[in-house]
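Take a look at the model below.

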Amino acid sequence: MTDRTMPEKVMNVTPLESFPPPEKWDDWTELDAKAWPRRVEKHYSLVPTICFNCEAACGLVAYVDHDTGDVRKVEGNPYHPGSRGRNCAKGPATLNQIHDPDRIMYPMKRVGPRGSGKFERVSWDEVLEDLGGRIRKAIQEKRLTEVMYHIGRPGADGYMDRVLQAWGVDGHNSHTNVCSASARLGYTLMTGHDRPSPDYANAKFILLISAHLETGHYFNPHAQRIQEAKMAGAKIAVWDVRLSNTASMADHWVAPRPGTEAYLLLGIARAILEEGLQNDTFLRQWADWRGWLEGHGQAGGRYEDFVRGMREHYAEYTPGAVADECGIDESIVTTLARQIAEAGSAFSAHIWRSTASANEGGWEVARTLSLVSTLVGAIGTKGGTNPNGWNKFVAKPFAARGPQEVWSELLYPREWPLSHHELSFLLPHLLKTGRGKLDTYFTRVYNPVWTNPDGLVWIEALRDEELVGCHAALTPVWNETARWADYVLPMGVATERHDLMSQETHAAKWIGFRQPVLRRYRESRGETFEWTYEANPGEVWEEDEFWIALSWKIDPDGELGIRKFFESPYREGERITIEEYYRWIFENSVPGLPEAAAAAGCTPYEYMCKTGAFTVEDEVYETYAHPLGDEALEGCERDEDAGVVRRDGKLVGVLDADGTARVGFPTPSKRIEIFSPMMAEWRWPEHADPGYIKSHVHEEELDRSNDECVLVSTFRLPTLIHTRSANSKWLTELSNTNPVWIHPSDAQRLGVRTGDLLKVETRIGYYVNKAWVTEGVRPGLVACSHHMGRFRQKGETHGVNRWQQHESDIVSQGDGIYRIERTGTVEAFESDDRDSKRVWWRDGGVHQNFTFPVQPDPISGMHCWHQKVRVTKAGPDDKYGDTVVDTNKSMAVFEEWLARTRPAPGPGNLRRPLHLKRVVRPVDAAYQLDE
């Protein structure tokens with residue numbers, strides 16, 4: 001940029017006063033604090049990038065030391081529209097990940113039996129030749145469902161979808177059904193959008209059904225805006241069985257029995273309707289009340305009939321009934337209903353993981369929450385809750401192949417036709433029961449052996465080379481799953497890779513650019529590189545370039561029709577460079593960016609390299625009310641009675657009270673669907689309306705006389721990042737143990753104090769952990785964070801994480817029974833990092849997920865994380881960390897839940913409704929089941 005200043009389009013946030021001004025980012029001078037009292041100047045280049053330690057995509061700025069060429073520190077980017085320079089602990093911890101003495105620096109290939117932990121260093125060329133040849137052969141032989149890419153944290157928008165469809169495979173798997181798929185289904189049923197985007201900053205009442213600020217999702221951008229709203233007078237209610245930090249700051253902390261939250265929301269909905277507090281103008285226009293009446297046998301009725309019918313339908317959810325079911329004071333129902341109604345269109349709410357991911361029927365929590373927002377007219381309004389699609393911007397690449405023509409039942413089994421995402425956590429169970437096999441399997445920033453339930457079933461499947469022919473683990477850090485891989489391929493952290501990200505952090509659209517900092521810095525000084533790993537530490541690569549190189553190996557001569565999608569749009573027939581890929585997007589797919597760049601005297605690519613982010617659109621509200629243009633209305637017919645416009649019988653938009661045609665919502669009716677015809681048509685008529693499903697851990701399922709209770713395992717600590725925390729000494733020092741939270745009344749009954757050992761028994765085994773006695777948890781349950789218990793197996797030397805891992809011995813006792821015992825603790829160690837000798841913590845926590853059987857919700861497919869457990873004081877032979885699992889019992893529980901589904905086909909002999917979202921969607925013909 002000619003004047004080296006930050007462009008006006010980015011200057012829409014108030015920068016931190018002490019942050020270096022952009023015009024000095026090429027040569028910023030600071031005094032070296034370690035040289036004090038001498039005055040020694042240090043010169044830095046500041047390079048913006050995007051954090052990669054959760055999905056919030058907060059902005060970072062890396063400081064590159066001119067003397068050493070190393071990254072010396074990482075801070076927040078004050079010009080990033082989402083995070084605004086304010087980062088949580090995970091952002092600056094990127095520095096630890098860069099310099100971690102245990103990180104994987106070079107590609108490695110297995111040399112011993114799978115699972116032996118024996119690897120040797122190999123070249124990237126060898127990796128590409130082997131994997132490229134395997135995949136080419138699978139494609140040539142039409143084994144298009146035997147290549148699978150399994151993603152944990154994507155950290156990017158759309159890149160891999162394009163790659164897989166270029167290959168013609170149905171191979172995209174994700175972690176979403178252990179994360180958020182349940183809530184996504186609930187939201188989708190109502191508005192057609194699968195995630196919320198709360199406008200917290202402008203809200204008057206905020207409801208968080210969560211375990212501490214949405215369980216960490218978009219934690220930082222949301223947290224700062226919630227705080228702004230609170231300072232402006234907004235009321236906050238938090239529903240959580242724990243007194244989290246967020247709950248402690250709320251005006252209302254409500255701790256209902258686990259899984260009863262939808263019942264409480266229906267009580268609030270009933271109170272709003274009974275007191276006539278609903279927003280009739282909004283409902284009449286934007287709710288599909290005609291569809292509700294038709295679904296209830298009252299087709300042709302009036303709006304007033306709909307309101308009366310809704311009151312009758314939800315009449316049973318009285319404050320007294322809510323109090324009995326949820327175990328709370330009945331007065332809170334009316335209090336919350338009135339305060340929500342008073343806030344009206346400025347009622348902002350969020351449910352993400354928490355109870356939605358924990359309970360059977362948890363998707364109804366998101367659906368009933370959306371119902372409450374609909375009743376008060378708070379959908380898409382200022383201070384309300386936007387659908388995520390309005391605030392998330394995904395730029396289109398230069399060329400993409402059409403949808404694949406095949407369907408993998410390892411991804412979307414017919415038993416779950418309404419699952420919102422792939423049944424990812426069931427992959428080993430599906431493989432072991434003969435549903436298919438994999439030739440080439442990629443895990444990418446994913447650690448299913450440790451992260452998922454039933455990790456020992458994962459080990460059984462991954463070690464079987466008949467089920468998984470070749471497993472390549474693409475990961476920025478060593479993880480427990482990598483031991484069972486054939487290749488361990490090091491991929492970059494936030495400062496070592498290219499990605500585009502956009503998230504629904506507030507009522508605007510923006511795009512962020514992650515870039516390899518050292519490559520950018522060195523190129524600015526005249527160096528050139530073919531691949532990013534040439535500039536990164538060791539030979540750490542990035543996925544974007546890896547997939548380009550691999551695709552050329554798969555189709556070196558263009559015979560398969562794949563290579564052309566990885567050829568330069570600027571240099572015909574030549575391999576595309578990563579700069580060209582993003583250059584084309586910035587020049588052609590981001591509205592307003594070329595103009596902003598021109599005004600700043602640079603190219604769009606240079607603009608994004610300098611700023612790291614761009615605001616596409618500010619103040620995004622009521623997108624459903626956008627009028628349809630003349631082109632969209634050409635050939636349409638108006639149906640005044642139904643309030644819609646159609647073309648050739650297909651719905652195009654809706655008519656407002658003045659007769660103007662509007663865009664509406666992406667639902668079949670183009671309105672908010674309180675009644676779902678899809679649920680009725682796909683054999684779940686009892687759930688066609690927002691309702692309440694008793695959880696699998698409902699009070700009726702518990703034998704209190706036998707010390708049974710609910711284990712809450714869905715909360716996470718905001719200082720940790722699942723697997724990647726173990727490579728950060730700062731984060732591990734902050735959080736390094738995960739005791740079992742237990743109420744004093746329950747502790748007294750069991751005769752335990754803080755620090756005593758508890759034995760927690762599930763349906764497939766047990767684990768032993770320490771007790772933490774606290775009033776900050778609801779009586780009658782226990783809670784344990786899932787972040788801890790990182791382990792390396794006895795004798796393992798490759799790629800360990802010594803900041804957090806302890807040594808364990810996994811012993812097969814025969815017939816599917818395994819025993820895990822700790823054989824070592826976390827301890828100080830020798831390395832190039834001086835702090836490694838200062839490690840004072842020894843615990844590391846206990847890994848509980850091994851003892852969790854899979855519990856796929858019969859409708860959403862989401863793993864239901866809450867466990868019915870028996871909690872007792874540990875016996876004299878029980879030791880901290882002891883874990884026992886029976887995988888035969890695991891498979892039996894899987895079969896139980898499988899039997900409760902209602903499989904496809906649905907209407908038209910379909911596997912799945914055509915309008916329901918599906919990741920990397922195939923052609924319509926693939927939706928048809930064979931006769």
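## A covered helix

Several elements cover the buried residues of α3, including α2 (124-140), β7 (147-151), β8 (172-173), α19 (543-554) and α20 (578-588). The model is predicted. Helix α3 itself spans residues 159-167. Most of the helix is covered, with 8 of its 9 residues buried.

Which residues of α3 are buried? They are Tyr159, Met160, Arg162, Val163, Leu164, Gln165, Ala166 and Trp167. A residue counts as buried when its relative accessible area is under 20%. After α3 comes glycine 168. The phi of this glycine is positive, near 80°.

## The largest cavity

Now to the empty space. Rolling a probe the size of a water molecule over the atoms shows where such space is left. How many cavities of 30 Å³ or more does the structure hold? There are 7.

The largest cavity contains about 390 Å³ of space. Its lining is made up of 26 residues. Closest to the centre of this cavity are Arg153, His175, Thr451, His722 and His786. By type, the lining has 8 nonpolar, 14 polar and 4 charged residues.

## The second largest cavity

The volume of the second largest cavity is about 120 Å³. Here 17 residues form the lining. Asp240, Val241, Ser354, Thr355 and His866 are the closest to the centre of this second cavity.

Terms used: Residues numbered from 1 in each chain as written. Predicted model: local features only at pLDDT ≥ 70, side-chain atom pairs only at ≥ 80, totals over all residues. Heavy atoms only, no water. Buried < 20%, exposed > 50% of the residue type's maximum accessible area, 1.4 Å probe, protein only. Helix = DSSP H or I, 4+ residues; strand = E, 2+ residues; numbered from the N terminus. Contact = heavy atoms within 4.5 Å. 1 Å grid on protein atoms, 1.4 Å probe; cavity = no way out; pocket = protein on both sides within 12 Å on 5 of 7 lines; lining within 4 Å. Points joined across faces, edges and corners; volume = space filled by probe spheres on them. Nonpolar A, V, L, I, M, F, W, Y, C, P; charged D, E, K, R; others polar.
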